[in-house]
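The exercises below ask you to read a structural model step by step. Try each task on your own before you turn to its solution.

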Amino acid sequence: MHGESDAPATRLRGKDLLGIAELSREEILLILDTAVAMKEVGTRPIKKVPALRGKTVINLFFEPSTRTRTSFEIAEKRLSADSLNIAATTSSVVKGETLADTAMNLEAMAPDLLVMRHSSSGSCHFLSRICRAGIINAGDGMHEHPTQALLDAFTIREHKGRIEGLKIAILGDLLHSRVLRSNVLLLAKLGAEVWICGPPTLIPIGFERLGAHVTSSIARALDGADAIMMLRIQLERMQGGFFPSLREYFTVFGMTPERVRLARPDVIIMHPGPMNRGVEIASEVADAPNSVILDQVANGVAVRMAVLYLLAGGAEHDAIA
Amino acid sequence: MTRLLKGGRVIDPAQGLDGACDVLIENGRIAAVGRGLATGTAAVVEVPHGLVICPGFIDMHVHLREPGQEHKETIETGTAAAAAGGFTAVACMPNTAPINDNASVTRFIRDRAAESGVVRVYPIGAVTKGSKGEQLAEIGELNQAGCVAVSDDGRPVASAMMMRRALEYAGMFGMPVIDHCEEPTLKGEGVAHEGHVAAVLGLRGIPAAAEDVMVERDVVLAEAFGGRVHIAHLSTRGALRAVRAAKARGVRVTCEVTPHHLVLCDDALMGPKSYDTNLKMNPPLREAADRDALVGGLADGSVDAIATDHAPHHADEKHVEFDRAPFGIAGLETAVSLLVDRVVHAGVITLARLVELWSVNPARILQVPGGTLAVGAQADLTILAPDLAVTVTPDRFRSKARNTPFGGWTLRGGVAATIVGGRAVYVNPEAPGAGAFATE
């Protein structure tokens with residue numbers, strides 16, 4: 001933790017958003033509060049403000065992504081940034097160029113921000129040491145996905161009015177999930193009680209020291225929960241011997257309407273997507289009135305606008321008016 | 001040529017010696033050790049105050065990369081690094097390209113060492129052809145060509161049956177089987193010690209159990225089928241417990257630990273050097289409890305040797321994402337300073353015990369000359385400067401490699417000079433008075 005004060009933050013300290021681990025509670029709140037104003041922009045007939053006019057943002061995606069990449073791209077366009085997308089399959093990475101060389105070449109064209117998704121944990125840290133441009137982590141390996149956790153927190157706050165004191169249950173493939181790591185860090189910093197639940201084969205060893213309650217009992221995880229956050233079960237995990245079959249996974253851990261009733265009556269259902277209906281979540285749950293899954297997607301744009309604005313446009317404060 | 005080293009502190013555990021002594025060197029061998037030796041015709045070297053004369057340190061686990069990976073290191077640069085690190089001999093692992101699994105590769109290494117080597121080089125041959133674990137290498141021919149041990153280092157001998165055969169067969173030649181203990185399916189694609197740190201950083205874990213289970217297997221096999229097993233770079237408290245228990249039952253097992261596992265633990269991967277690929281090695285940096293157990297093992301005798309696992313890599317190879325970087329760090333030129341500062345000055349062991357760990361025991365395990373300053377022994381000497389202030393400066397390494405996590409560290413203790421066969425192969429210009437050891 002960094003030296004923190006109680007005073008509200010007015011800017012982010014770093015040039016990058018590498019992970020929730022690097023953010024103070026005040027910085028998290030600043031992003032969430034800024035996102036409120038950004039969300040309003042999206043309700044206007046002309047959904048565009050000049051805040052990042054003249055700024056160049058490169059979205060560098062080494063892993064396939066629909067939701068996150070689209071969300072960043074819309075956020076950049078609503079802020080009037082000049083943005084472009086590079087997908088690994090169309091870049092010189094396939095010709096054997098290293099990440100460092102790719103980054104240095106992009107850097108030579110003086111972008112203000114690089115938004116990167118990459119399959120290697122720590123790749124954004126690596127990039128931040130060799131680039132002057134700010135780095136936004138759009139998901140690095142199994143490490144962090146900070147904007148997802150921020151949009152999740154924004155969504156919880158929108159529905160519950162607070163985060164402190166809430167019980168949040170996170171279920172699914174905990175071991176391989178960057179969404180989990182960012183969420184546990186963020187929710188702990190904002191004072192929630194976090195329970196994580198999955199089969200022991202998918203629970204990272206040593207994770208309890210982060211402050212989350214770890215269990216394989218759905219009943220304990222869901223009891224009195226204010227929010228249920230489902231994580232995607234990757235279909236290829238069966239081959240790794242993590243569980244016997246998708247059918248059995250659903251039998252033991254699938255989120256059914258009956259299980260949802262273990263939580264508080266006003267519980268909200270969340271999922272970062274993409275969903276596997278009938279594996280980790282039943283359609284009746286995903287589509288129920290208390291599901292906020294599509295709110296998460298909508299809020300993703302606002303939260304990413306806030307992050308982009310605070311990192312690239314914060315100095316001028318020329319406004320979103 | 002005859003030289004008399006006069007007046008230094010001499011530590012030779014083999015002779016029970018630790019005190020002010022003279023050492024007479026004649027024709028590359030020790031001619032006399034004692035107080036007030038007559039000068040005769042010898043050239044006198046007045047040993048500067050504070051320096052300590054030890055039998056030459058032997059690093060029994062290095063990667064010299066030649067043949068085949070000369071962009072990382074060569075026998076010339078690797079042995080120059082060894083000399084600068086205070087080592088008079090190194091044993092080099094067979095995972096070169098081609099692998100040292102037959103006598104012609106061994107002869108190449110020995111020839112190159114004779115041409116360009118700065119210190120003595122003892123090749124280690126492969127256990128199995130291509131280190132693939134499928135068929136025994138020609139261990140008898142490797143032995144005749146000069147290999148002092150066999151190992152598939154970099155990989156374990158995964159099959160228990162193959163390990164049994166290797167122990168039995170290499171035992172016939174009195175050679176130890178050095179095993180890189182890691183159960184491959186438990187290790188999987190792991191890149192860091194499985195625990196809190198790897199969980200938080202999202203790095204795939206290598207559980208301690210992957211090492212423990214293999215060490216337990218190896219001591220059971222050595223107990224059941226004979227032979228001699230040496231555990232390379234032991235890194236977990238469980239593995240140490242297995243070795244200690246096996247020794248108590250009389251199993252012929254020995255083990256080494258590396259300086260980095262004695263000094264660092266996995267939490268170094270967090271904080272300002274997060275994801276530094278110079279902290280990626282195999283076995284990985286373990287937890288504090290493991291490190292503390294290893295340090296304890298130095299003191300209580302259950303650890304037999306310190307070995308660097310010197311693993312030079314080109315800077316480009318390490319300048320990549322963490323999980324794409326190769327395992328290993330350069331160790332030869334930081335090892336002595338790390339141990340003297342962090343273990344000897346910390347009061348864990350004496351300098352005499354350090355000499356056992358780095359000279360007496362490696363010579364005994366590999367059955368090579370050295371480990372003593374007894375009359376008639378090769379005049380291989382490591383001259384320590386235990387109070388020398390050292391700043392680790394990778395750009396000044398003799399090694400081609402710079403892949404160390406210790407750059408910028410300031411340590412107390414270093415090497416004043418390294419003498420092989422009576423000839424100074426390294427004199428540290430920063431050690432006051434060390435110039436006296438220089439030979440033409």
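**Exercise 1. A salt bridge in chain A**

Is A:Arg277 buried, partly exposed or exposed? Once you have decided, find its salt-bridge partner and describe where the two residues lie.

Solution. Keep in mind from the start that this is a predicted model. The relative accessible area of A:Arg277 is 43%, and since buried means under 20% and exposed means over 50%, A:Arg277 is partly exposed. The next step is the partner, which is A:Asp287, with the closest N and O atoms 2.9 Å apart. These two residues are ten residues apart and link distant parts of the chain, for A:Arg277 sits in the loop between strand E9 (268-270) and helix H10 (283-286) of chain A, while A:Asp287 sits in the loop between H10 and helix H11 (293-313) of chain A.

**Exercise 2. Salt bridges in chain B**

Which salt bridge does B:Asp22 form, and which one does B:Asp276 form?

Solution. Begin with B:Asp22, whose side chain meets that of B:Lys6 in a salt bridge of 3.1 Å, taken from N to O. Because B:Asp22 belongs to strand E2 (residues 17-26) of chain B and B:Lys6 to strand E1 (residues 2-12) of chain B, the pair ties together parts that are 16 residues apart in sequence. B:Asp22 is buried, with a relative accessible area of 6%, whereas B:Lys6 is partly exposed at 22%. Turn now to B:Asp276, which forms a salt bridge with B:Lys273, and here the closest N and O atoms are 4.0 Å apart. B:Asp276 counts as buried at 16% relative accessibility, and B:Lys273 counts as partly exposed at 36%. To set these pairs in context, a search of the whole structure gives 38 salt bridges over all chains, and in chain A a network of salt bridges links A:Lys160, A:Asp226, A:Arg264 and A:Asp266.

**Exercise 3. Two histidines of chain B**

Where in chain B are B:His63 and B:His313 found, and which side chains do they meet in polar contacts?

Solution. First locate B:His63, which is found in the loop between strand E6 (57-62) and helix H1 (75-84) of chain B. Its relative accessible area is 5%, so B:His63 is buried. Its side chain makes a polar contact with the side chain of B:Asp153 at 3.1 Å, and, leaving aside neighbours within four places in sequence, the residues in contact with B:His63 include B:Met93, B:Asn95 and B:His310.

Next locate B:His313, which lies in the loop between strand E15 (305-306) and helix H11 (315-318) of chain B. At 7% relative accessibility, B:His313 counts as buried. Its side chain makes a polar contact with the side chain of B:Lys72 at 2.8 Å, and the side chain of B:His313 also reaches the backbone oxygen of B:Phe327 at 2.6 Å. Among the other residues that B:His313 touches are B:Arg65, B:Pro326 and B:Asn403.

**Exercise 4. An enclosed helix**

Why can helix H12 (residues 335-344) of chain B be called largely enclosed by the rest of the structure?

Solution. Count the buried residues of the helix: nine of its ten residues are buried, so helix H12 of chain B is largely enclosed by the rest of the structure. Among the buried residues of H12(B) are B:Ala335, B:Leu338, B:Asp341 and B:Val344.

**Exercise 5. Where the chains meet**

How many residues does each chain give to the contact, and what area is buried between chain A and chain B?

Solution. Chain A gives 21 residues and chain B gives 19 residues. The area buried between the two chains is about 1,600 Å², and carbon and sulfur atoms give 60% of this area. On the side of chain A that touches chain B, helix H3 (99-107) and helix H4 (123-130) of chain A each supply at least two residues, and H4(A) gives the most, with five residues. Sorted by type, the residues on this side of chain A divide into nine nonpolar, nine polar and three charged.

Technical notes:
Residues are numbered from 1 along each chain as its sequence is written. Chains are lettered from A and ligands numbered from 1 in the order in which they are written. This is a predicted model: local features need pLDDT of at least 70, side-chain atom pairs count only at pLDDT 80 or more; totals for chains, interfaces and linings use all residues. Side-chain values use heavy atoms; hydrogens and water are left out. Contact means heavy atoms within 4.5 Å. Buried area is the accessible area (1.4 Å probe) that two parts lose on being put together, summed over both. Helices (H or I, at least four residues) and strands (E, at least two) are DSSP runs, numbered from the N terminus. Ala, Val, Leu, Ile, Met, Phe, Trp, Tyr, Cys and Pro count as nonpolar, Asp, Glu, Lys and Arg as charged, and the others, Gly among them, as polar. Buried means under 20% relative accessible area, exposed over 50%, partly exposed in between (1.4 Å probe, protein chains only). A polar contact is a pair of N or O atoms within 3.5 Å; within protein, one must be able to donate a hydrogen and the other to accept it, and residues adjacent in sequence count only if both atoms are side-chain atoms.
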